[in-house]
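Take a look at the model below.

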Amino acid sequence: MRQKVLKIGAFVIVIALSIWNMELNETKILFTFLLSFDSLAKTETACLGECSHNTGICKKNAEEGTGSSCVVPIEGETKNCYKTVHTSFPESD
């Protein structure tokens, strides 16, 4: 009788540890997803402009979907930016 109780007890412990380990893995996956949320954000460059500080012209980047950059203007172009910045925001569906 005592051996049956020990076998059942060991079986219950193994099952409980398996379930606990599975829950830990699910939690790790959840936190990995939440902590890497920034990787889901789309990063683009954008031009900053301010009338009194503008030294360049805002041009769309050659690679589509990467935004715009403030570049040195060609003679006769109106200056409308002074700096290029990197911005991140969640991707839209």
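Are C70 and C81 buried or exposed? Both are buried, meaning under 20% relative accessible area, with exposed over 50% and partly exposed in between (1.4 Å probe, protein chains only). This is a predicted model, where local features need pLDDT of at least 70, side-chain atom pairs count only at pLDDT 80 or more, and totals for chains, interfaces and linings use all residues. Residues are numbered from 1 along each chain as its sequence is written, and side-chain values use heavy atoms, with hydrogens and water left out.

C70 and C81 are joined by a disulfide, S to S 2.0 Å. A disulfide is a pair of cysteine sulfur atoms within 2.5 Å. C70 sits in strand β3 and C81 in the loop between β3 and β4 (83-90), so the bond ties together parts 11 residues apart in sequence. The link is right-handed, with 95 degrees about the S-S bond.

The whole structure holds 2 disulfides. C47 and C58 form a disulfide with sulfur atoms 2.1 Å apart. C47 is in strand β1 (residues 41-48) and C58 in strand β2. C58 is partly exposed, at 30% relative accessibility.

The chain has 1 helix and 4 strands, in the order α-β-β-β-β. These are DSSP runs numbered from the N terminus: helices are H or I with at least four residues, strands E with at least two.

T66 lies in the loop between β2 (57-60) and β3 (68-71). Its side chain reaches the backbone oxygen of E63 at 2.7 Å. Leaving aside neighbours within four places in sequence, T66 is in contact (heavy atoms within 4.5 Å) with E44, T45 and N61.

Definitions and conventions:
Polar contact = N/O pair within 3.5 Å; in protein donor to acceptor, adjacent residues only side chain to side chain.
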